[in-house]
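Keep the structure open beside you and try each task before reading on.

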Amino acid sequence: SSDLQFIVPIFQRDYSWGTKQCLALWNDIIRVGSDHNTKGHFLGSVVYIAAEENTADLTRWLLIDGQQRLTTLTLIFLALRARLKEHGDEPGEDSPTAEALDDYYLRNRHGKGDRRYKLHLRRADHETLAALVDGKAPGDGSSERIVDNFQFLKENVGNADIQTVYKGIKKLVVVHVCLTRGQDDPQMIFESLNSTGLDLTPADLIRNF
């Protein structure tokens, strides 16, 4: 809600979710948004550490874990904003406005340059997402993943009940871990989160089920 920015550091991979992963998240949002008895849906962990260049008016965080989910949620907010702008804000206590989505989830009203965006990705991912946030068509060399997933989610949002989608998003629950600069090594933590341990075996999955 305040002026802040999550930055994907250079050692992170690019945005890599496909429509399959987007659909899984979308289905979870619709499921919990439609069920009055469900209090929340666990989305996973978000790990971050303070960036070196913080100012009094803008807090910046390096995003160590959670890029795929936060980027996909940003695309859902963009799709919601596009529908609201196209058809007008919808009445209802749980319905957002296009302006509110912009201020809370997409842009820093007083940010300058790249600091205008609440989520700053890497390379072509950033250029593509920034264009979408600014309401522009992505140019040459844009990220196909982001463009394709945005179109996919925009289609889903166009056929959904806005209040159900927004209720579902507000029921998402994360565990957020704030690392301490000077004590924690973000690169080592990123590596341990993403490349150690063994994949679950079929027996593990059955037992978990």
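The exercises below concern a predicted model.

**Exercise 1.** Work out how H2 is oriented relative to H4, and which residues of the two helices meet.

*Solution.* 
Step 1: Find the two helices. H2 covers residues 67-87 and H4 covers residues 123-133.
Step 2: Take the geometry. The axes of H2 and H4 come within 10 Å, and they cross at roughly 25°.
Step 3: Apply the cut-off. Angles under 35 degrees count as roughly parallel, and H2 and H4 are therefore roughly parallel to each other. The crossing of H2 past H4 is left-handed.
Step 4: List the partners. From H2 come Gln67, Thr74, Leu75, Leu78 and Arg81, and they meet Asp125, Leu129, Leu132 and Val133 of H4. Sorted by class, this contact of H2 with H4 holds 5 nonpolar, 2 polar and 2 charged residues.

**Exercise 2.** Now turn to H2 and H6: are they roughly parallel or roughly antiparallel?

*Solution.* 
Step 1: H6 spans residues 162-170, and its axis lies 12 Å from that of H2. The packing angle is about 155°.
Step 2: Angles over 145 degrees count as roughly antiparallel, so H2 and H6 are roughly antiparallel to each other. H2 passes H6 in a crossing that is left-handed.
Step 3: On the H2 side, Ile76, Phe77, Leu80 and Arg83 make the contact, meeting Ile162, Val165, Tyr166 and Ile169 in H6. The class count for H2 with H6 is 7 nonpolar, no polar and 1 charged.

**Exercise 3.** Describe the crossing of H1 and H5, including its hand.

*Solution.* 
Step 1: H1 is residues 19-34 and H5 is residues 144-158. Their axes come within 10 Å and cross at roughly 30°.
Step 2: That angle makes H1 roughly parallel to H5. The hand of the H1 and H5 crossing is right-handed.
Step 3: In H1, the residues Thr19, Cys22, Leu23 and Trp26 meet Asn149, Phe152, Leu153, Asn156 and Val157 in H5. By class, H1 with H5 gives 6 nonpolar, 3 polar and no charged residues.

**Exercise 4.** What surrounds the largest pocket, and which residues are the closest to its centre?

*Solution.* 
Step 1: Start with the volume of the largest pocket, about 640 Å³. It is lined by 21 residues, of which Leu4, Phe6, Leu70, Leu73 and Tyr105 are the closest to its centre.
Step 2: Look for the contributing elements. At least two lining residues come from each of S1 (4-7), S2 (41-50), H2, H3 (98-106) and S5 (172-179).
Step 3: The lining of the largest pocket has 16 nonpolar, 4 polar and 1 charged residues.

Notes:
Residues numbered from 1 in each chain as written. Predicted model: local features only at pLDDT ≥ 70, side-chain atom pairs only at ≥ 80, totals over all residues. Heavy atoms only, no water. Axes fitted to C-alpha atoms, helices over the stretch in contact; angles between N-to-C directions. Helix = DSSP H or I, 4+ residues; strand = E, 2+ residues; numbered from the N terminus. Parallel < 35°, antiparallel > 145°, perpendicular 65-115°, else oblique. Left-handed = near helix turned anticlockwise from the far one by under 90°. Contact = heavy atoms within 4.5 Å. Nonpolar A, V, L, I, M, F, W, Y, C, P; charged D, E, K, R; others polar. 1 Å grid on protein atoms, 1.4 Å probe; cavity = no way out; pocket = protein on both sides within 12 Å on 5 of 7 lines; lining within 4 Å. Points joined across faces, edges and corners; volume = space filled by probe spheres on them.
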